[in-house]
Amino acid sequence: MSLAIYCFMKIAVPQWQGRISPVLDVASNVLLVYIEDHRELQRQQDTLVPTDPWARAQAIRQMGADVLICGAVSWPLETALRSAGIQVISNICGPVEEVLAAFCNGQLDEKEFMMPGCCGH
């Protein structure tokens with residue numbers, strides 16, 4: 001008998017015009033994607049209003065995000081997100097659909113998704 005391991009997570013992706021938002025600290029639209037076993041189950045849009053880093057991190061936590069994929073993010077906001085238990089994958093750019101597919105396939109570390117001028121994640 002084999003034991004199947006299922007992985008369920010909720011991913012938050014700040015977006016702007018169909019692409020990863022360039023700066024999380026001022027992003028207002030967040031796409032929430034429910035993933036199970038590397039497949040998308042459902043998605044929904046949400047609005048991000050708070051500007052204070054700690055309040056913004058708590059708003060994202062209240063959305064239920066386990067992972068946040070974003071472009072540039074300030075140190076205070078990234079610290080607040082990590083303190084809230086959210087895994088942060090920053091310095092990512094590109095079309096949202098391509099980034100999500102790369103994440104599900106374990107290919108998000110490819111150079112094409114790295115923000116220009118970033119040396120690594």
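**Exercise 1. What covers the buried residues of α2?**

Before you start: this is a predicted model, in which local features need pLDDT of at least 70, side-chain atom pairs count only at pLDDT 80 or more, and totals for chains, interfaces and linings use all residues. Residues are numbered from 1 along each chain as its sequence is written, and side-chain values use heavy atoms, with hydrogens and water left out.

*Solution.* 
- Step 1: find the helix. α2 spans residues 75–83. Helices (H or I, at least four residues) and strands (E, at least two) are DSSP runs, numbered from the N terminus.
- Step 2: list the buried residues. They are Leu77, Glu78, Ala80 and Leu81. Buried means under 20% relative accessible area, exposed over 50%, and partly exposed in between (1.4 Å probe, protein chains only).
- Step 3: name the cover. It includes α1 (53–62), β5 (67–69) and β6 (87–89). Contact here means heavy atoms within 4.5 Å.

**Exercise 2. Find which residues of α2 are exposed on the other side.**

*Solution.* 
- Step 1: Leu77, Glu78, Ala80 and Leu81 are the buried residues of α2. They cover an arc of only 160° around the axis, so they lie on the same side of α2. The arc is taken from the directions from the helix axis to the C-beta atoms.
- Step 2: turn to the other side. Trp75 and Ser83 are exposed there.

**Exercise 3. Describe how α1 meets α2.**

*Solution.* 
- Step 1: compare the axes. Those of α1 and α2 come within 8 Å and cross at roughly 40°. Axes are lines fitted to C-alpha atoms, for helices over the stretch in contact, and angles run from 0 to 180 degrees between N-to-C directions.
- Step 2: classify the angle. α1 is oblique to α2. Under 35 degrees counts as roughly parallel, over 145 as roughly antiparallel, 65 to 115 as roughly perpendicular, and the rest as oblique.
- Step 3: name the residues. α1 makes the contact with Pro53, Trp54, Arg56, Ala57 and Ile60. α2 uses Pro76, Leu77, Thr79, Ala80, Leu81 and Ser83.

**Exercise 4. Is Gln17 buried or exposed, and what about Asn91?**

*Solution.* 
- Step 1: recall the rule. Most residues other than glycine have a negative phi.
- Step 2: check Gln17. Its phi is positive, near 55°. Gln17 sits in the loop between β1 (8–16) and β2 (19–20). At 66% relative accessibility, Gln17 is exposed.
- Step 3: check Asn91. Its phi is also positive, about 65°. Asn91 lies in the loop between β6 and α3 (96–104). At 19% relative accessibility, Asn91 is buried.
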